Each structure stands twice: as structure tokens, then as C-alpha cells.
Amino acid sequence: MALSSTDILDKVRDAVIQGDTKETVSGTNRALVAGLSANVILDKGIIPGLQEVGDLYGRGEYFLPELLISGDAALNALKLLEPLLSTSGTTSQGKFLIGTVEGDVHNIGKDIVLTMLKGNGWKVTDLGVDVPPEEFCSAIERGDFDILGLSSLLTTTMAKSVATIEGLKKAGLRGRVKIMVGGAPVTQEWADKIGADGYAKDAAMACKVAAVLLDKSQKEGRNAGT
Amino acid sequence: MQELNGLQRIVTAIKLRQPDVVPTFDWVDKKVRDAIMGDTNASCEDFIDYLDLDGIVLADRISTWGYEPLGVNKRGRQLKRCQWGAIIQFTDEGTGIPMEPAIKSEKDLDSYVPPDPDLPWRYERLKQLVKRFKGHRAIITGCTDVFDVAKENLLGDAQYYKAMVQNPGVVDRVNEIALNYQLQYVKNCIDIGADVIFVNGDWAMTEGPMVSREFIQRFVAPSLQKIVEYAHSRGVPCIKHSDGNIWSIYDIIIDAGADAIHPIDPMAGMDIGEAKAKFGDKVCLVGNVNCATTLVSGTVDEVRQEVKEVIRKAGKGGGLICTSSNSIHSGVKPENYVAMVKAIREYGAHLA
């Protein structure tokens with residue numbers, strides 16, 4: 001008996017949760033053959049899977065290895081879906097610019113956030129590590145980003161997040177993006193103090209905060225337009 | 001109580017007994033040392049004598065690993081190939097972080113040639129420290145955790161973590177490469193005169209362990225245990241360092257045989273009083289004056305209060321070495337570090 005659409009999507013979601021790339025990709029193909037649209041597969045299969053992975057991580061049941069293999073599974077499925085998403089007119093969640101601040105070359109935390117964001121449908125541009133404030137400013141000036149994510153893993157480099165925010169203000173670009181900060185020594189209090197719009201302690205939280213900030217940004221945009 | 005020297009204080013604390021004064025040591029950044037000494041030409045050893053610290057830390061990555069210069073990247077940062085084969089980028093702080101691992105695929109493992117731990121130049125710095133301090137200050141010799149070497153330098157973080165689930169045999173192989181080197185390195189260090197082995201490398205992040213308890217027991221702890229067992233066979237104690245929240249895994253560190261745990265990370269919610277209650281009778285606690293907040297932006301008085309609090313919570317009965325919560329990095333106010341050391345001497349003396 002043929003599987004129902006719900007069953008097919010549940011299998012994709014479960015494969016993401018299990019971090020099973022092979023099964024996630026074959027499940028995605030099965031869903032496409034069954035006539036499900038790319039955006040439905042993303043919204044009802046991949047994203048719920050990653051959200052569950054984030055919840056499992058938050059509850060201390062999943063750790064970095066599980067997060068990474070689930071992220072890989074989702075990204076491999078996205079490779080199949082992305083060309084179809086653009087042709088079916090589906091837009092991504094939003095555009096996210098990310099980087100580790102100047103003087104700091106840690107990349108694992110940033111990369112996990114990046115993977116989870118992509119899996120959740122964000123268009124992510126990665127400036128890499130050790131990124132000077134002026135490089136963030138220049139990227140924001142050139143691009144059309146909704147959110148800037150600043151990662152700092154060292155107490156000594158946290159100040160560079162402040163310098164980046166100040167740089168954006170000086171360049172008249174602060175209003176163009178919402179800013180999120182994260183990294184081991186970073187706290188909500190510190191984020192508030194330096195004028196960031198959001199803080200996330202881990203990748204799962206980053207996806208949730210990014211969605212809230214995008215919604216807020218869109219409402220502000222709508223209000224500004226009326 | 002009889003006045004002890006630095007080595008005796010540290011050994012006494014590690015044995016969970018009460019020394020005359022709570023001992024202290026830290027790795028101290030050169031900028032901070034120079035500011036305190038008022039002399040940019042003073043050596044690290046001069047600084048240790050100047051502040052009368054109880055031990056000196058030899059950072060193995062800095063003093064014993066080989067690096068081949070590769071020039072600079074587009075941002076002007078130094079790139080070097082470390083002895084394991086990874087490409088390392090250095091920051092202004094002198095911190096090196098692997099950007100590209102040595103082993104890109106399982107096939108690379110077959111032809112991988114590990115570094116030689118027996119090269120004499122590796123031990124020149126340690127010999128200098130032994131000559132100057134042996135017998136009166138603890139020579140605390142760094143040994144990067146096998147988990148760190150194998151993960152960051154050999155396989156790369158992401159590949160290592162994924163292989164734990166998908167290809168555990170590769171993890172075993174890279175662990176073995178790093179362990180074989182480190183065991184020989186530790187042997188050589190002890191032969192020369194290391195008093196304490198300091199196994200540095202994080203097992204946890206702010207919220208908790210990087211990997212599950214199951215994976216720590218399967219892949220991470222056995223290497224620590226082998227290093228500790230060897231050091232113990234030579235009568236040398238081991239301090240295990242891990243930043244982060246280790247509440248759910250401290251028992252594994254203790255079971256591996258570590259004599260002390262550093263730094264009881266306050267930024268990750270580790271309260272040293274709670275640590276004392278939970279495992280202070282099993283291992284020496286080494287920490288935890290906050291070097292992310294108090295030592296960086298606090299006042300001298302706030303530093304003194306925090307030292308007093310650490311000693312009040314964990315000093316009674318012995319088994320405490322009071323240090324910063326990681327290291328005295330360049331962001332620490334020099335006057336705050338001096339205040340910390342003085343306060344340890346003051347509040348840590350003649351405890352009941």
C-alpha cells in the first residue's frame with residue numbers, strides 16, 4: 001500500500017532526527033515523486049525534524065555529534081529542494097549574515113548555527129572567522145540581510161562585537177539589520193548592554209530567536225510603510 | 001603550622017590536605033606580567049619569583065610543539081603548520097586555533113607520520129624551569145588532552161564528532177596516534193623533573209558536555225585514564241582541566257583517576273562550594289576567581305571579596321588551589337591579579 005503524504009513527511013522528519021543522511025535524501029526524493037512540493041517537504045519534514053533535534057539538544061539528550069549529523073542530513077536534502085524552491089516561488093525564511101569577530105578564530109559554534117539556520121530555510125552568508133568590523137559593515141552595505149550574527153568565543157574578543165555594532169552605527173547601517181550575539185562567554189545581560197537585538201546560547205535557540213527577530217523586523221517594516 | 005614552599009603547598013593540596021596557605025598558580029599573559037613587573041625584559045621565571053607564586057605552568061603547545069611558518073592570510077594573521085600537520089591561525093593574543101586539520105580522509109591515516117616526541121629541543125624550556133625551580137616551586141607541565149589533539153589537530157572538530165557516530169574506528173585510530181605521542185611526552189617530562197601533569201582540553205561547554213556520557217566513556221576518558229595511570233606509576237599527580245559545565249560528567253573525570261579538577265568554571269554555572277560538597281573529598285579543586293568578569297572589569301575590592309568567597313566555600317579542610325577561572329589573559333587588569341594573589345595569601349592562611 002502506498003504511503004500517505006503524512007507518512008512520507010514523517011519519515012523525512014524522523015530521518016533528520018536520526019541524522020540518517022541516506023534515508024533523509026531518499027525520503028525527500030520519495031516525497032517529490034509523490035507530488036509533494038519542495039516547500040511542503042521543507043516545512044513539514046525537514047524543519048520539524050531539525051526543531052526536534054534542537055529540542056533534544058536543549059533537553060541534554062543530543063550533543064554536538066548528533067546535532068552535526070542531523071544538520072548534514074538536512075543540508076543534503078536541501079540540495080535537492082533548493083532549485084525547486086526557487087522555481088516554485090517559495091521564499092526563504094530570511095537572509096542571515098554570520099561571522100566570528102576579529103581576533104577570534106573559533107568556528108565550530110558558528111558552523112553549527114549556520115548549519116541549523118540553513119536547515120531551517122535561511123539563506124546564510126558566512127564571512128568566516130576573525131572578521132574585522134569594517135568587513136561586516138561592508139557586507140551589510142552591499143547585501144540585503146535581515147540578521148547579522150556575531151560569534152565570539154573569547155572574553156578578550158567580546159569587545160569586537162561592540163566595535164562592530166559601533167561601526168554599523170557610524171556607517172548609518174545599524175537600522176538595516178537585527179543583530180544577534182552568541183558564544184561561550186556571552187550572556188543575555190551582555191547582549192542587552194551592548195545594544196544587540198537578540199542572544200542565543202546555542203544553535204537551536206539561534207533558530208528560534210532569528211525567527212522572532214525576522215517577524216519583528218517585518219512588522220516594523222510594515223508599520224514604517226503605513 | 002610549618003611554613004611550606006610552593007611545591008609542598010601544591011602537593012599537599014592535591015593530596016586533599018591543608019597546607020599552611022592556600023596555594024596559587026596561573027598561566028599569565030606577558031602583557032600582564034610586564035605591567036606588573038614594570039619591565040618588558042623580565043622573564044616568566046622572574047615574574048613567578050616576584051609574586052612568589054607556588055607553581056609555574058609550562059604550556060606544551062607553546063613550548064614543546066613544532067610549527068612551520070606558512071606566511072600570513074588575507075587579514076595579515078600568521079599561519080603555521082603545527083607538528084601534527086594542521087594549519088593553525090594565530091590571533092594577536094598568540095592563541096592558535098586549527099583552521100584545517102591534518103587528516104582529510106580515512107585514507108590519509110594510512111600514510112600519516114606522527115611527530116617524534118623524543119626530539120631533544122622540546123624539553124629545553126622544561127629543563128630551564130627544573131634548573132631554576134625544582135624542589136621549591138611546582139613545575140606544572142601541560143599535556144594537551146588526547147581528545148583535543150585528535151579532534152582539533154588531526155581530524156578536525158566536525159569530522160571527529162561525526163565520526164563518533166558514523167565511523168568510530170577512525171576516532172579510535174586518531175586517538176591512538178595522539179595518545180602514543182602524549183604518553184612518551186609525559187614520560188620524558190617526568191624523567192626531566194615535571195612535578196605535576198596538567199591535562200588541558202575542554203570536555204564541556206557552558207551548557208554541558210560536548211558529547212554524551214556514553215561517548216565520553218567510550219572515546220574520551222580512556223586516554224586520560226592511561227596518562228593518569230602512567231603519571232601515577234611515576235608518583236606524579238595530574239590536574240584535569242575542562243572549561244564548561246561538568247556537573248553531569250565530573251564522576252567520569254574522577255573515575256579516570258585525576259587528582260584535581262580545574263577550573264570549576266563559574267561562567268558555566270559551576271559553584272565551587274557545590275563542587276566542594278559534591279566531590280571535594282575525592283579530588284582537589286583548582287579555581288575559580290572569575291577571569292571573564294571580576295578580574296577583567298571588577299575593582300580590587302571586588303577581586304578580594306571573590307577570593308575570600310572562594311576560600312570560604314572550598315578552602316576549609318584543604319584540597320583547594322586558588323587560581324583564576326581559566327588563565328590570566330591579556331584582558332585581566334594587572335592590579336586585579338596582584339590583588340588576587342595577595343588576597344589568597346591573606347584569606348588562605350592558617351585555615352582550620
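Which hand does the crossing of H7(B) and H9(B) have? Keep that question in mind while we look around; the answer comes at the second stop. One thing to know before you start clicking: this is a predicted model.

**Stop 1: chain A**

Select chain A and colour it by secondary structure. If you follow the chain along its sequence, the pattern reads α-α-α-α-β-α-β-α-β-α-β-α-β-α.

In general, strands of a sheet pair through backbone hydrogen bonds, either parallel or antiparallel.

For one pairing in detail, select residues 147-151 and 178-182 of chain A. These are strands S3 and S4, which pair in the parallel sense over five bridges. Click on Ile147(A), and then look for its bridge partner in S4(A), which is Lys178(A).

Zoom out to see the whole chain. The C-alpha atoms of chain A fill a box of roughly 65 × 45 × 25 Å along the principal axes. A compact globule of 226 residues would have a radius of gyration near 17 Å, and the 18 Å of chain A agrees with that.

**Stop 2**

Switch to chain B, which has 15 helices and 11 strands. Its radius of gyration is 20 Å, close to the 20 Å that the globule rule gives for 352 residues, so chain B is as compact as a globular protein of that length. Its C-alpha atoms fill a box of roughly 60 × 45 × 40 Å along the principal axes.

Select residues 146-155 and 168-192 of chain B. These are helices H7 and H9, whose axes come within 9 Å and cross at roughly 120 degrees. That angle makes H7(B) oblique to H9(B). Here is the answer to the opening question: the crossing is right-handed. To see the contact, show side chains: H7(B) contributes residues including Val146(B), Val149(B) and Leu154(B), while H9(B) contributes residues including Val174(B), Ile177(B) and Gln182(B). By class, this contact has nine nonpolar, two polar and no charged residues.

For a second pair, select residues 272-279 and 300-314 of chain B. Helices H12 and H14 pack at an angle of about 15 degrees, with their axes 8 Å apart. That makes H12(B) roughly parallel to H14(B). The crossing of H12(B) and H14(B) is right-handed. Ile272(B), Gly273(B) and Lys276(B) of H12(B) meet Val310(B), Lys313(B) and Ala314(B) of H14(B). This contact divides into three nonpolar, one polar and two charged residues.

**Stop 2: the sheet of chain B**

Which strands make up the seven-stranded open sheet of chain B? In order, they are S1-S6-S7-S8-S9-S10-S11, with parallel pairing. Its edge strands are S1 (55-58) and S11 (320-324) of chain B. Neighbouring strands are turned by 25 degrees against each other on average, direction ignored.

Select residues 138-144 and 196-200 of chain B to see S6 and S7, which pair in the parallel sense over five bridges. Ile140(B) has Val196(B) as its bridge partner in S7(B).

**Stop 4**

Most residues other than glycine have a negative phi, and most peptide bonds are trans.

- His262(B) and Pro263(B) are joined by a cis peptide bond, with omega about 5 degrees. Pro263(B) sits in the loop between S9 (260-262) and H12 of chain B.
- Gly287(B) to Asn288(B) is also a cis peptide bond, with omega near -20 degrees. Asn288(B) lies in strand S10 (residues 284-289) of chain B.
- Asp52(B) has a positive phi, near 55 degrees. Look for Asp52(B) in the loop between H3 (44-51) and S1 of chain B.

**Stop 3: where the chains meet**

Finally, show both chains together. Here 30 residues of chain B are in contact with 21 residues of chain A. On the chain B side, helix H8 (157-166) and strand S5 (96-100) each give two or more residues. H8(B) gives the most, with seven residues. The chain B side divides into 14 nonpolar, nine polar and seven charged residues.

Key: Residues are numbered from 1 along each chain as its sequence is written. Chains are lettered from A and ligands numbered from 1 in the order in which they are written. This is a predicted model: local features need pLDDT of at least 70, side-chain atom pairs count only at pLDDT 80 or more; totals for chains, interfaces and linings use all residues. Axes are lines fitted to C-alpha atoms, for helices over the stretch in contact, and angles run from 0 to 180 degrees between N-to-C directions. Helices (H or I, at least four residues) and strands (E, at least two) are DSSP runs, numbered from the N terminus. Angles under 35 degrees count as roughly parallel, over 145 as roughly antiparallel, 65 to 115 as roughly perpendicular and the rest as oblique. A crossing is left-handed if the near helix is turned anticlockwise from the far one by less than a right angle, and right-handed if clockwise. Two residues are in contact if their C-beta atoms, placed from the backbone, lie within 7 Å. Ala, Val, Leu, Ile, Met, Phe, Trp, Tyr, Cys and Pro count as nonpolar, Asp, Glu, Lys and Arg as charged, and the others, Gly among them, as polar. Two strands pair if DSSP finds at least two bridges between them. The radius of gyration is taken over C-alpha atoms; the globule rule is 2.2 Å times the number of residues to the power 0.38.
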